[in-house]
Amino acid sequence: MPTLRTFIATALLGLTLCVGAVHAADPPSADAIQQTLDKLPDRKLPDADMKALQGILQQTLTYLANQQDYEQRLADLKRQLEEAPRQTADNQRELARLKATKIIPVAQRYASLPVPQLEQLLVQRSTQQGDLQKSWPTPTA
């Protein structure tokens with residue numbers, strides 16, 4: 001059960017970090033939090049207080065790392081949204097081109113090719129298929 005001392009120490013640390021953040025209009029940097037965490041043993045606090053502060057500082061570091069990750073993911077999504085109309089138009093043009101292509105039965109398409117060329121084509125297609133399968137994301141269990 002947290003003591004009054006733990007509560008006050010936590011509140012003071014939080015206030016210190018918040019005041020710095022208010023002036024800078026940004027959250028504290030991960031380096032500043034890490035430095036505070038590194039200097040924590042020098043404060044000679046009781047074990048309960050020390051563990052509580054360590055937990056808070058570690059959690060703050062985790063939150064800052066998550067924030068950076070989320071900001072990167074947001075930027076990636078914004079970029080993807082910006083490219084979506086162009087990609088959609090390209091895909092629609094390709095679909096229209098494919099629909100307009102006359103389908104030739106397989107037997108007619110390859111009937112005039114010699115066997116060595118057919119074998120080479122088979123090897124190429126097998127290689128392409130293998131490459132595509134390797135690049136396809138594997139399902140997670």
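Predicted model: local features only at pLDDT ≥ 70, side-chain atom pairs only at ≥ 80, totals over all residues.
Residues are numbered from 1 along each chain as its sequence is written, and side-chain values use heavy atoms, with hydrogens and water left out.

The chain contains five helices and zero strands, where helices (H or I, at least four residues) and strands (E, at least two) are DSSP runs numbered from the N terminus. From the N terminus on, the order of elements is α-α-α-α-α. Of the 141 residues, 12% count as buried; buried means under 20% relative accessible area, exposed over 50%, and partly exposed in between (1.4 Å probe, protein chains only). Contact means heavy atoms within 4.5 Å. Among contacts between residues at least 6 apart in sequence, 57% join residues at least 24 apart.

The packing of α2 and α3 comes next. These two helices pack at an angle of about 160°, with their axes 10 Å apart; axes are lines fitted to C-alpha atoms, for helices over the stretch in contact, and angles run from 0 to 180 degrees between N-to-C directions. That angle makes α2 roughly antiparallel to α3, since angles under 35 degrees count as roughly parallel, over 145 as roughly antiparallel, 65 to 115 as roughly perpendicular and the rest as oblique. On the α2 side, the contact is made by Ala30, Ile33, Gln34, Thr36 and Leu37, and on the α3 side by Gln54, Leu57, Gln58, Thr60, Leu61 and Leu64.

The largest nonpolar core consists of eight residues: Ile33, Leu37, Leu40, Met50, Leu53, Leu57, Leu61 and Leu64. Such a core is a set of buried Ala, Val, Leu, Ile, Met, Phe, Trp, Tyr and Cys residues joined through side-chain atoms within 4.5 Å. Two or more of the core residues come from each of α2 (30-39) and α3 (47-100), and α3 gives the most, with five residues. Leaving aside neighbours within four places in sequence, Leu64 is in contact with Pro27, Pro28, Ser29, Ala30 and Ile33.

Charged side chains provide another set of links. Side chains of opposite charge can pair when their charged atoms come close. A search of the whole structure finds five salt bridges, each being a side-chain nitrogen of Lys or Arg within 4 Å of a carboxyl oxygen of Asp or Glu. One of them joins Asp69 and Arg73, at 3.5 Å from N to O. Because Asp69 and Arg73 are four residues apart in helix α3, about one helical turn separates them. Asp69 is partly exposed, with a relative accessible area of 38%, and Arg73 is partly exposed as well, at 47%.

The closest N and O atoms of Arg86 and Asp90 are 3.0 Å apart, and both residues lie in helix α3, four residues apart, about one turn of the helix. Asp90 also meets Arg93 in a salt bridge (2.2 Å, N to O). Because Asp90 and Arg93 are three residues apart in helix α3, they too are separated by about one helical turn. Arg86 is partly exposed, with a relative accessible area of 45%, and Asp90 counts as partly exposed at 28%, whereas Arg93 is exposed at 53%.
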